[in-house]
Amino acid sequence: MRHKIADFIRYRDIVWYRTLAGLKSEARQNFLGYVWFLLEPAITTAIMYVVYVLIFQYGGGANRIVLLLVGTIVWQWFESSTMQGMMGIKSKLHIMTHFTLPKYIFPLVGIFTSTWKFLCIFCVLLVYCAICGYTPNIHFLWLPLVLATQLLLIIGCALPLAVGVAYFNDLTTVVSSIFRLLMFLSGVFFTASFVPNQSPSFVPLHAQIYFFMNPMAGLIESYRYIIMWKQGPNFWALFVAADYGLAFLIIGMVMSSYVNGKILKRVSG
Amino acid sequence: MLMEKSSNASVAKPAQPLISVRNVALCYRYQKSIFARHKAKIWALHDVSFNLFEGEKLGIIGRNGSGKSTLMKILAKIFETDAGKVTYSRPLHVQLLSLGVGFEGSLSGRENAVLNGLLLGKNRRHMLSRLEKIKDFSELGEFFDMPVSTYSSGMGARLGFAVAMETEPEVLLIDEVLGVGDARFATKSYNALQEKFSGNRTVVLISHDAATIQKMCTRAVWIEKGRTIMEGDVKTVAAAYLKAINADDPNAVRELRPD
């Protein structure tokens, strides 16, 4: 037992150092370094403004942009960290053939690297929201819970995918297509109220229920509840997202412990 | 193939082996693809058996492609065997000596020393307390606080070696890494390794070079095409190995005796 705890602390430190390395190398690749973490959301906002306010002439002005920004940034976090975590095992096989390490370490590094980046962007977002009139309110205390739920969902999705990609690289293409579809179904560009309450007669449940079966839809809606509409999150949606996260995580753990000693014996050629 | 066991082993051995390897086999599998034409499996080890005793220096000798490196990764618990059994007498910290693998270019030498130590099974506190020693041994000077991406390959190897010397596994597995950096550092690293060999630590050294094995080890195992040919006293095994190589290819001797 004491060995197990010591090992766990060691793994935690490995993840921490490598996450630091990931952030540093990402910042050093560009001339502007960490400034990009702030510039990126600014550029996204500008694009939203041009497309939705100037071209489509959506009403709502700044409100509309905040709504879109919350959706986009939160979705980006989900997509980029799941994708990075997914490549975690495959891209580090050469390191794993030298050390005895659990296979979940490298996916976690990818996830945490993009999560730190997201947190910077998220802070900028909150400042921007405050400027637009969405000042912090008491319900902001729920934000850590929503963020934690989403992180659980990300880790849960990434782990089984990481094992899968190490065996079948084709999954990368499949998953990025699914993500593109999911982005449009998660309410990044619209709110849940936009989804009709009724469905054609041959569909058993109404469209809103299908909409909220997607955990990201409920999470994005929860962020908007808190930041824009000064309400608590949609707890049912959080519960669903956490369940998805846990279920995938357990599947991922079983998969990774099953392939632990086998995965490295594969040769590509 | 015949399994010869030399009976005149000169070292007195305790009865219970630290690690016992019995009829171990391992195969690599190709990545599956609907357009793949090659065989799905490659057997690297067919039938390998030997014992490793506490405190001994065991040499594993064999030609290129005989399965030595694969065997090391089984001992380090990185690979799972496909047949046979490896028994550890107690929970052991077995570590492969890999120099500079897992370095992160964007981190400084100091940070990489800690990270590499963590990968090699030591905790953060242990590594932090050894940083000055690592800095001295690696002779990196002010480069120690610069990103590793600015290092020459020799500097990287020196840092890797210095870190490896400060991680103290119960069983050290060495895969022909003697001779790091320039001539002077090579001597220094050789001496540091000698020190590890002279102590009480259990060491497994693999090499295709009979001379190296004979110089560093007390007992040896000879492996050929994934099978154990012989296990026993280093002199006997090395002699038999050389004889077999000579019979196959007279030119091979020169390669085996660099001096």
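Let me begin with how the two chains touch. In this predicted model, 25 residues of chain A are in contact with 27 residues of chain B. On the chain A side, two elements each supply at least two residues: helix H1, residues 2-29, and strand S1, residues 266-267. Helix H1(A) gives the most to that side, with 12 residues. If you sort the side of chain A that touches chain B by class, you get nine nonpolar, eight polar and eight charged residues.

Now to the strand in that list. S1(A) is joined by two bridges to strand S2 of chain B, residues 19-30, and the two strands run parallel. To find the place on the screen, look for A:Arg266, which stands opposite B:Arg29 in S2(B).

Next, chain B by itself. How many helices and strands does chain B have? There are nine helices and 10 strands. Chain B has 259 residues, and buried residues make up 43% of them. Taking the contacts in chain B with a separation of 6 or more, 71% are between residues 24 or more positions apart.

One helix of chain B is worth a look here. H1(B), residues 68-75, is mostly covered, with seven of its eight residues buried. Those buried residues are B:Lys68, B:Thr70, B:Leu71, B:Met72, B:Lys73, B:Ile74 and B:Leu75. Please note that two lysines, B:Lys68 and B:Lys73, are in that list. Just after H1(B) comes B:Lys77, which takes a positive phi of about 65°.

Last, back to chain A, for a pair of helices. Helix H6, residues 143-167, packs with helix H9, residues 215-227, at an angle of about 165°. Their axes are 10 Å apart. How do H6(A) and H9(A) run, roughly parallel or roughly antiparallel? An angle over 145 degrees counts as roughly antiparallel, and H6(A) and H9(A) are therefore roughly antiparallel to each other. The crossing of H6(A) with H9(A) is left-handed.

Which residues make this contact? From H6(A) they are A:Leu143, A:Val146, A:Thr149, A:Gln150 and A:Leu153. From H9(A) they are A:Pro215, A:Leu219, A:Ser222, A:Tyr223 and A:Ile226. As a general point, an α-helix has 3.6 residues a turn, so residues three or four places apart point the same way. By class, the contact of H6(A) with H9(A) has seven nonpolar residues, three polar and no charged.

How values were computed. Residues are numbered from 1 along each chain as its sequence is written. Chains are lettered from A and ligands numbered from 1 in the order in which they are written. This is a predicted model: local features need pLDDT of at least 70, side-chain atom pairs count only at pLDDT 80 or more; totals for chains, interfaces and linings use all residues. Axes are lines fitted to C-alpha atoms, for helices over the stretch in contact, and angles run from 0 to 180 degrees between N-to-C directions. Helices (H or I, at least four residues) and strands (E, at least two) are DSSP runs, numbered from the N terminus. Angles under 35 degrees count as roughly parallel, over 145 as roughly antiparallel, 65 to 115 as roughly perpendicular and the rest as oblique. A crossing is left-handed if the near helix is turned anticlockwise from the far one by less than a right angle, and right-handed if clockwise. Two residues are in contact if their C-beta atoms, placed from the backbone, lie within 7 Å. Ala, Val, Leu, Ile, Met, Phe, Trp, Tyr, Cys and Pro count as nonpolar, Asp, Glu, Lys and Arg as charged, and the others, Gly among them, as polar. A residue is buried if 20 or more other C-beta atoms lie within 10 Å of its own, exposed if 12 or fewer, and partly exposed in between; C-beta atoms are placed from the backbone. Two strands pair if DSSP finds at least two bridges between them.
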